[in-house]
Structures are given as C-alpha cells and as structure tokens.
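Reader: Hi! I'm new to reading protein structures. Could you walk me through this one?
Author: Happy to, let's open it up.

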Amino acid sequence: MNHRPFEDWLLDEKALASAEKRQMQAHLRECRTCSALAEVNIGLDAVRAVAPAAGFVDRFQVRLAAQRRLQRRMTAVGFAVLGISGLAILAWFAWPVLHGLLYTPSEPLTAWLTALTAIWATLQAWGRAGSVLLRVLPGFVWVSLVMAAVGWSLMWVVSLMKFAKIPQGVAR
Amino acid sequence: MTDEKAWIIQAQHGDDEAFTRLVETYQTPVFNLCYRMLGEPEAAEDAAQEAFLKAYKNIARYDRERSFPTWLLAIAAHHCIDKLRRRRYLTFSIDEDEERTYELPDRNALDPEAEFIRRQEQDHMHKLLCTLDPTDRAALILRYWYDCSEVEIAQALELTVPAVKSRLHRTRRALAKRYQDEAPEARAERRPYESPAF
C-alpha cells in the first residue's frame, strides 16, 4: 500500500478501525514523514493551556479606566477644536461687518436703525388700515373678498400644476 | 438562560460588572491563544488585555446567535495577526532565558522526569508553532486548543472552509517537516506508533 492514504488519514484525523490501525502502525515503522506527522498530531494534542499571571481582571479594570479617561480627554479636545474652528470660520465671514463696526460704527448702526424703523412704521400702517377697513366695510364685502382670494389662489395653484405636468417646449 | 448569556445581555446594556465576569471566565483561553500566537508572556498579556478592550467596545454589536467564545477568540486572533504583521517591520531580539510562562500546573504529575520531558516537548512544539505564518498559526491553535470546527475557524478568520482545511493540512505537513529536520536522533527512542493513540 502506498504512502498517500496514511497521510490523508493522519491529516483528517480519521477514527481508524482495528485493521486500519494495524496497517497504520506498520506504515509508521517505515515512513519517517508520516511518523513525524503523527508525532506532531500527538504533540499538538498534548500541549496544555497557559494561564495569565494572577490579577489579570484587576489589570483589565485599570486599563479600562485609563482608556475611558483618555476617551473623555479626546472628546473634550475634539469639542474644543470644533468650537475654535467654528468661531474662526464665523469670525472669517463676519470680519467685514466687524471691521466696519470697529472703525466706522455709526454707518452700519444708522442703516440698521433706519431699516428697523421702516419695518416698524410699515407694520403700524398695515394695522391702522386694517382697523379702518374693518370698521367701514360691511360683512358681505369681507366674505366676497375672502372668497375671491381663495378662488384666485385655487386658479393660481391649478394653472401651476398644469404647467408643471407638461414641461414647456417639450413635445408630447 | 445560562449565566454567560445573562452576563452578555447585561454587558450589552452597559453593565461593567457583567463584562468583568466574562473577562474572569475567558481570561485563560484568550491569554493562551495570544501566548501561542505571539510566543512571549508579556506580549500575550498586552494582546489579551487589548482583545478584551476591543470586545468591550464592540459588545453591543455581538450577535447572540453566534458562539461568544468563538467571537472573542476571533477578536484576539485578529489582534495577534495584526501584531505579528507589524512586527515584521521591526527588528528585535528575544532573550529566551528571560521568557516566563505561566503554564497551568499538572496536578496529576507524579513523575518529575516525565513532567520535565513533557515540558520540553511542549516548549519544542511551542517554538515550532512560532515559526508558522500568523493566519496558519491561528487556524491551528483554534483547531487544537479550542476544538473549533472548520466552519467556526473559517468564520473567525474570515476564510472559506476549504481554505481552512487546506491551511490546516499544509501547516501540519510543514510542522512535521520541521519536526523531522530538527532532531531526528533525539526522537528515535519514542516512536508515535508506540503511543496509545495508534
């Protein structure tokens, strides 16, 4: 019998029948390659587990605590970097305005105040006009006005939808 | 539900006490794997600690349908493989006399001479293991020390089952070749066919 089946039996760690065991023993007496393979199999089976030095769990807890501290520090540093970067970008964009404010503060301040005053005046005028109209116009006029506004809006929406469905300039 | 499953669920919900119990339970298998992979107890301690830290960070992603020890050992094996690959770029020497191992004592050993020979053989096997390619070594360790099936090894090392099988065959052939080449006369007296295994 040739060498191959014995090597395969050893590599597959096949459970041998008694006749096969006898054949294997005879082969191992002659074949140094299979003999070494068998010794390696036995050697690997015989090697025992190695345990860590006492206190492994305590050392793990210490390492875990150190890792957490490091993580917290890194998070804090990350937030600081993010904050500083955000502020720097904001300053970069705001610089023209800030520059104007610092060197000629009256100009932008006057412009802002004027704009605020205009908005305030417009709101007041709308308020006064509304109260006058409420007092002057009868109820049915208000109803007709509201209905006209709703109808106008509906027409606007429908026409928009119609145009949106068929792209202009595109043939069917 | 077993204690282990309960600890895993608790650990997944952020219970450090439960995770510590898992560390207590699996410290020896994880350390042993790292020791067999890296060859030195100091490096093994560091790698085992790192493997547990990685497991702690990723415990929420652990799929409870899978075997926990296989998942944990896979983390340790990958960590050791990475370490060994990085080591290739570094030059260092190992003073073997300074190596300290913490092998579990054999309570049944009555014959000191037999125990001495057994230890010598185990040291020899350990040194042979350290000459193997990291992934081959991991496959062999998972097979022999942890009785992992080829499917489990394939999952752990992200290989296909035929690749695992072929690696295991090739690795054992290579080990046998080195074993044969190293000291043929020293083994002339103890032939494997005399072992009860054959």
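**Where the chains meet**

Author: This is a predicted model. In it, the contact takes 34 residues from chain A and 37 residues from chain B.

Reader: Nice. Which elements of chain A give two or more residues to the side that touches chain B?

Author: Those are helix H2 (18–30), helix H3 (32–46) and helix H4 (56–103) of chain A.

Reader: And where does the largest share of that side come from?

Author: From H3(A), which gives 13 residues to the side of chain A that touches chain B.

Reader: Okay, zooming out. How many helices and strands are in chain A?

Author: Chain A has six helices and zero strands. Along the sequence, that reads as α-α-α-α-α-α.

Reader: How much of chain A is buried?

Author: Of the 172 residues in chain A, 12% are buried.

Reader: Let's look at one helix, then. Which residues are buried in H1 of chain A?

Author: Helix H1 covers residues 4–12 of chain A, and its buried residues are A:Phe6, A:Glu7, A:Trp9 and A:Leu10. They span an arc of only 160 degrees around the axis, so they sit on the same side of H1(A).

Reader: What covers them?

Author: The cover over the buried residues of H1(A) includes H2 and H3 of chain A.

Reader: And which exposed residues are on the face turned away from the buried side?

Author: That face of H1(A) carries A:Arg4, A:Asp8 and A:Asp12, which are exposed.

Reader: What follows H1(A)?

Author: A:Glu13 comes after H1(A), and its phi is positive, near 50 degrees.

Reader: Why are they called roughly parallel?

Author: Angles under 35 degrees count as roughly parallel, and the axes cross at roughly 10 degrees, so H1(A) and H3(A) are roughly parallel to each other.

Reader: Which residues make that contact?

Author: H1(A) brings A:Phe6, A:Glu7 and A:Leu10, while H3(A) brings A:Cys34, A:Leu37, A:Ala38 and A:Asn41. By class, the contact of H1(A) with H3(A) has five nonpolar, one polar and one charged residues.

Notes: Residues are numbered from 1 along each chain as its sequence is written. Chains are lettered from A and ligands numbered from 1 in the order in which they are written. This is a predicted model: local features need pLDDT of at least 70, side-chain atom pairs count only at pLDDT 80 or more; totals for chains, interfaces and linings use all residues. Two residues are in contact if their C-beta atoms, placed from the backbone, lie within 7 Å. Helices (H or I, at least four residues) and strands (E, at least two) are DSSP runs, numbered from the N terminus. A residue is buried if 20 or more other C-beta atoms lie within 10 Å of its own, exposed if 12 or fewer, and partly exposed in between; C-beta atoms are placed from the backbone. The arc is that of the directions from the helix axis to the C-beta atoms. Axes are lines fitted to C-alpha atoms, for helices over the stretch in contact, and angles run from 0 to 180 degrees between N-to-C directions. Angles under 35 degrees count as roughly parallel, over 145 as roughly antiparallel, 65 to 115 as roughly perpendicular and the rest as oblique. Ala, Val, Leu, Ile, Met, Phe, Trp, Tyr, Cys and Pro count as nonpolar, Asp, Glu, Lys and Arg as charged, and the others, Gly among them, as polar.
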